[in-house]
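Thanks for coming. I will take a few minutes to go through one structure, which I am putting on the screen now.

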Amino acid sequence: LEDKFGCIDGTGSDDDDDNDEEYDEQYNHLPTLAPPPTLKHVISTIYNYWITKRSKLKKPLLRRYHPVTASNDTNPHMVFRQREQEKRRLRKKRQNDVEAYKKMVVLQHDFEKLRGLCELIVRREEVNECMVELTNG
């Protein structure tokens, strides 16, 4: 084992040439690795892959470039159809009218009442706490 590793640090035996020949005989039958592909080859392979995929689909790969399906088409596989104009308007536009203002005034009044009730509850609890301290103290 030391003879094998001796060739690395230069302290090996004199029969290094014999070892090289033995190594060549042992591993000569193994296949060698192919050189790595060039960038041009990789790009052309990827390009050809997408071209064949597009030709198999017979339509563009990106959904936004697909032809528009007619809204009256009954084919169940053509699911992306244009919506009709009536269905697009789901929300009504808000208008600042008198009714909305009155509702906001009522809502503000209710919140003021709620705040007053919360303040009264806080005072009641403080009084109860003082009463407990007086009875215990």
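**Burial, helices and side-chain contacts**

Of the 137 residues in the chain, 3% are buried. Buried here means under 20% relative accessible area, exposed means over 50%, and partly exposed is in between, with a 1.4 Å probe and protein chains only.

A word on where this comes from. This is a predicted model, in which local features need pLDDT of at least 70 and side-chain atom pairs count only at pLDDT 80 or more, while totals for chains, interfaces and linings use all residues. Residues are numbered from 1 along each chain as its sequence is written, and side-chain values use heavy atoms, with hydrogens and water left out.

The chain exposes about 14,400 Å², and 56% of that comes from carbon and sulfur atoms. Those areas come from the Shrake-Rupley method with a 1.4 Å probe; for residues, only the protein chains shown count as cover.

Now the fold. There are five helices and zero strands, so the pattern along the sequence reads α-α-α-α-α, where helices are DSSP runs of H or I with at least four residues, strands are runs of E with at least two, and both are numbered from the N terminus.

Next, the surface. V42, I46, Y49, W50, L57 and L61 make a nonpolar patch of about 550 Å². A patch takes residues with over 30% relative accessible area and no salt bridge, joining like charges within 9 Å and nonpolar side chains (Val, Leu, Ile, Met, Phe, Trp, Tyr) within 5 Å.

Look at Y49, which sits in helix 3, residues 39-57. Y49 is partly exposed because its relative accessibility is 46%; W50 is also partly exposed, at 41%. The structure holds one aromatic pair. Y49 and W50 form that pair, edge-to-face, with 5.0 Å centre to centre and 80 degrees between the planes. Rings of Phe, Tyr and Trp (its six-membered ring) pair if their centres lie within 6.5 Å; planes under 30 degrees apart are stacked, over 60 edge-to-face, and the rest tilted.

How many salt bridges does the count come to? Two, a salt bridge being a side-chain nitrogen of Lys or Arg within 4 Å of a carboxyl oxygen of Asp or Glu.

E119 bridges to R115, with the closest N and O atoms 3.9 Å apart. Both lie in helix 5, residues 98-136, four residues apart, about one turn of the helix. R115 is exposed because its relative accessible area is 54%, whereas E119, at 41%, is partly exposed.

R124 bridges to E125, at 3.2 Å between the closest N and O atoms. R124 is partly exposed at 47%, and E125 is partly exposed at 42%.
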